Amino acid sequence: MAVWAVLAAAGRGERLGSERPKAFARLGGRPLVAESLERLEGSDWIHAIVVAAPPEWEEPSILVAEEIGAGKVSSCVTGGDTRSESVRLALAEVPEDAAVVLVHDAARPLLPEAVITRVLAPLGEGWDGAVPGLPVSDTIKRVEGERVVETLPRGELTAVQTPQAFVAAALRDALSGDLSGASDCASLVEARGGRIKVVEGDRRLLKVTDAEDLALVESWLARA
């Protein structure tokens with residue numbers, strides 16, 4: 001089963017307060033994107049990797065891959081205006097005979113091998129995709145403006161992470177349509193009638209959004 005990975009690394013990351021794109025914020029003395037690349041490279045499941053890089057950062061992305069010895073990187077494409085568009089552009093570089101595509105965000109650098117294994121397993125059981133998720137511990141309310149209009153049942157809610165794994169044909173079909181408003185690839189597959197399974201996520205897969213997130217992830221990395 002040929003598994004290709006798409007690494008979405010084209011985010012601008014304004015909330016980090018850096019002049020560099022988020023993927024090139026410093027984590028442990030090297031670019032953030034290096035951590036995810038190294039972990040995908042080291043996974044026995046992954047055959048090849050396509051990187052969606054920020055505009056004008058394609059060459060630095062390739063250089064990072066070379067510096068860490070990420071020989072599985074097949075190509076690097078210029079990312080689009082949205083994450084979904086970036087994934088679509090990267091998916092165009094994945095050969096048609098690929099069976100499975102794993103989509104991961106460079107903004108979630110601490111990628112455990114166990115999570116890769118967990119999201120791939122359901123694809124051999126007839127599922128179109130699988131996503132890692134964690135139970136929601138806070139009470140979630142739906143609001144309009146400043147007014148609470150509904151309290152959602154917490155037991156039915158899951159916070160979804162990446163990597164997300166898909167049967168390649170199902171992901172291609174989902175990304176061929178309207179991408180507006182899509183929060184992740186799974187939502188696009190779901191909209192096309194695809195069956196998505198939730199598996200156990202990992203709290204280390206924190207999405208780096210601001211400087212505090214980056215500092216927290218770096219502290220975890222230092223203790224690893």
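Tutor: The charged end of R195 lies over the ring of W127, at 4.1 Å from the ring centre. A charge is taken to sit over a ring if NZ of Lys or CZ of Arg is within 6 Å of the ring centre and within 35 degrees of the ring normal. The model is predicted: local features need pLDDT of at least 70, side-chain atom pairs count only at pLDDT 80 or more, and totals for chains, interfaces and linings use all residues. Residues are numbered from 1 along each chain as its sequence is written, and side-chain values use heavy atoms, with hydrogens and water left out.

The rule takes rings of Phe, Tyr and Trp (its six-membered ring) whose centres lie within 6.5 Å; planes under 30 degrees apart count as stacked, over 60 as edge-to-face and the rest as tilted. The ring centres of F24 and W57 are 4.7 Å apart and the planes stand at 40°, so this pair is tilted. F24 belongs to the loop between β1 (3-8) and β2 (26-27), and W57 to the loop between β4 (48-53) and α2 (58-67); the pair therefore ties together parts that are 33 residues apart in sequence. These elements are DSSP runs numbered from the N terminus: helices are H or I of at least four residues, and strands are E of at least two.

The two partners can also be described by relative accessible area, where buried means under 20%, exposed over 50% and partly exposed in between (1.4 Å probe, protein chains only). F24 is buried, at 3%, whereas W57 is partly exposed, at 23%. E56 also lies in the loop between β4 and α2, and it is exposed, at 72%. The backbone of E56 has a positive phi of about 75°, although this residue is not a glycine. Most residues other than glycine have a negative phi, and most peptide bonds are trans.

A cis peptide bond is found between T162 and P163, with omega at about 20°. P163 is placed in the loop between β10 (158-160) and β11 (164-167).

Helix α5 (residues 168-175) and helix α3 (residues 83-91) have axes that come within 10 Å and cross at roughly 125°. That makes α3 oblique to α5. Axes are lines fitted to C-alpha atoms, for helices over the stretch in contact, and angles run from 0 to 180 degrees between N-to-C directions; under 35 degrees counts as roughly parallel, over 145 as roughly antiparallel, 65 to 115 as roughly perpendicular and the rest as oblique.

A168 has its C-alpha atom 4.7 Å from that of V100, although the two are 68 residues apart along the chain. V100 lies in strand β6 (residues 100-105) and is buried, at 2% relative accessibility.

As to the cysteines, a disulfide is a pair of cysteine sulfur atoms within 2.5 Å, and the count comes to zero disulfides. C76 is in no disulfide, the nearest cysteine sulfur being that of C185, 17 Å away. Likewise, the closest cysteine sulfur to that of C185 is in C76, and 17 Å is too far for a bond. C185 is buried, at 0% relative accessibility.
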